[in-house]
Amino acid sequence: MLSPKWFLLCSIIICSLMSISLGSSWTTIGTMGVALMGVGEGLGIPAPMSAGAILSGAFFGDKQSPQSDTTNFAPAVAGTDLYSHVRSMLWTTIPGLGCR
């Protein structure tokens, strides 16, 4: 079902969505990341490329998740609301998804 041609993009999307829903990059890496590394190895994708896609997606989702502790802590200390903080972080987190 998953073509090697689309594996890296799908890995980024899967890890981003999981990390956004959980609010934790480490949980995403420890569960979905381990599974995707095995799938990537089976598809013949180089391990560093698979790891980069997994980490990029997981850290992106963690920074954008309203459930993440650091995403909640920073606007509380700065005196702003959560969603304007999340929108302002898009300028620095989106370019990280494209650099692979």
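**Entry 1: α2 against α3**

I started with the pair α2 and helix α3 (residues 47–64), which pack at an angle of about 155 degrees. Their axes lie 9 Å apart. I note here that the model is predicted. The cut-off for roughly antiparallel is an angle over 145 degrees. α2 and α3 are therefore roughly antiparallel to each other. I also looked up the handedness: α2 passes α3 in a right-handed crossing.

Next I listed who meets whom. From α2 I wrote down S25, T28, I29, G33, L36, M37 and G40. They meet A47, S50, A51, I54, L55, A58, F59 and D62 in α3. Sorted by class, this contact has 9 nonpolar, 5 polar and 1 charged residues.

**Entry 2: α1 against α2**

I moved to the pair before it. Helix α1 covers residues 7–22, and helix α2 covers residues 25–43. I read an angle of about 160 degrees between them, with the axes 9 Å apart. This angle also falls under the cut-off of over 145 degrees, so α1 and α2 are roughly antiparallel to each other. The crossing of α1 past α2 is right-handed.

On the α1 side, the contact is made by F7, S11, I14, C15, M18, S19 and L22. On the α2 side I found S25, T27, T28, T31, M32, L36, V39, G40 and L43. The residues of the contact of α1 with α2 come to 9 nonpolar and 7 polar, with no charged ones.

**Entry 3: S25**

I picked S25 because it is buried, at a relative accessible area of 4%. The cut-off for buried is under 20%. S25 lies in helix α2. It is listed in the contact of α1 with α2, and again where α2 meets α3.

Which residues does S25 touch, leaving aside neighbours within four places in sequence? I found S19, A58, F59 and D62. S19 is one of the α1 residues in the contact with α2. A58, F59 and D62 are among the α3 residues that meet α2.

I also checked S25 against T80. They are 55 residues apart along the chain, and their C-alpha atoms are separated by 24 Å.

**Entry 4: I20**

I20 is found in helix α1.

I then looked for its partners beyond four places in sequence. I20 is in contact with F60, G61 and S65. For G61 I looked up the spacing too. I20 and G61 are 41 residues apart in sequence, yet 4.4 Å apart in space, C-alpha to C-alpha.

**Entry 5: the whole chain**

I stepped back to the chain. How many helices and strands does it have? I counted 5 helices and 0 strands. Read along the sequence, the pattern is α-α-α-α-α.

I looked up the extent next. Along its principal axes, the C-alpha trace spans about 50 × 25 × 20 Å. The chain has 100 residues, and buried ones make up 34% of them. The accessible surface comes to about 5900 Å². Of that surface, 72% belongs to carbon and sulfur atoms.

Residues 24 or more positions apart account for 63% of them.

Notes. Residues are numbered from 1 along each chain as its sequence is written. This is a predicted model: local features need pLDDT of at least 70, side-chain atom pairs count only at pLDDT 80 or more; totals for chains, interfaces and linings use all residues. Side-chain values use heavy atoms; hydrogens and water are left out. Axes are lines fitted to C-alpha atoms, for helices over the stretch in contact, and angles run from 0 to 180 degrees between N-to-C directions. Helices (H or I, at least four residues) and strands (E, at least two) are DSSP runs, numbered from the N terminus. Angles under 35 degrees count as roughly parallel, over 145 as roughly antiparallel, 65 to 115 as roughly perpendicular and the rest as oblique. A crossing is left-handed if the near helix is turned anticlockwise from the far one by less than a right angle, and right-handed if clockwise. Contact means heavy atoms within 4.5 Å. Ala, Val, Leu, Ile, Met, Phe, Trp, Tyr, Cys and Pro count as nonpolar, Asp, Glu, Lys and Arg as charged, and the others, Gly among them, as polar. Buried means under 20% relative accessible area, exposed over 50%, partly exposed in between (1.4 Å probe, protein chains only). Accessible areas come from the Shrake-Rupley method with a 1.4 Å probe; for residues, only the protein chains shown count as cover.
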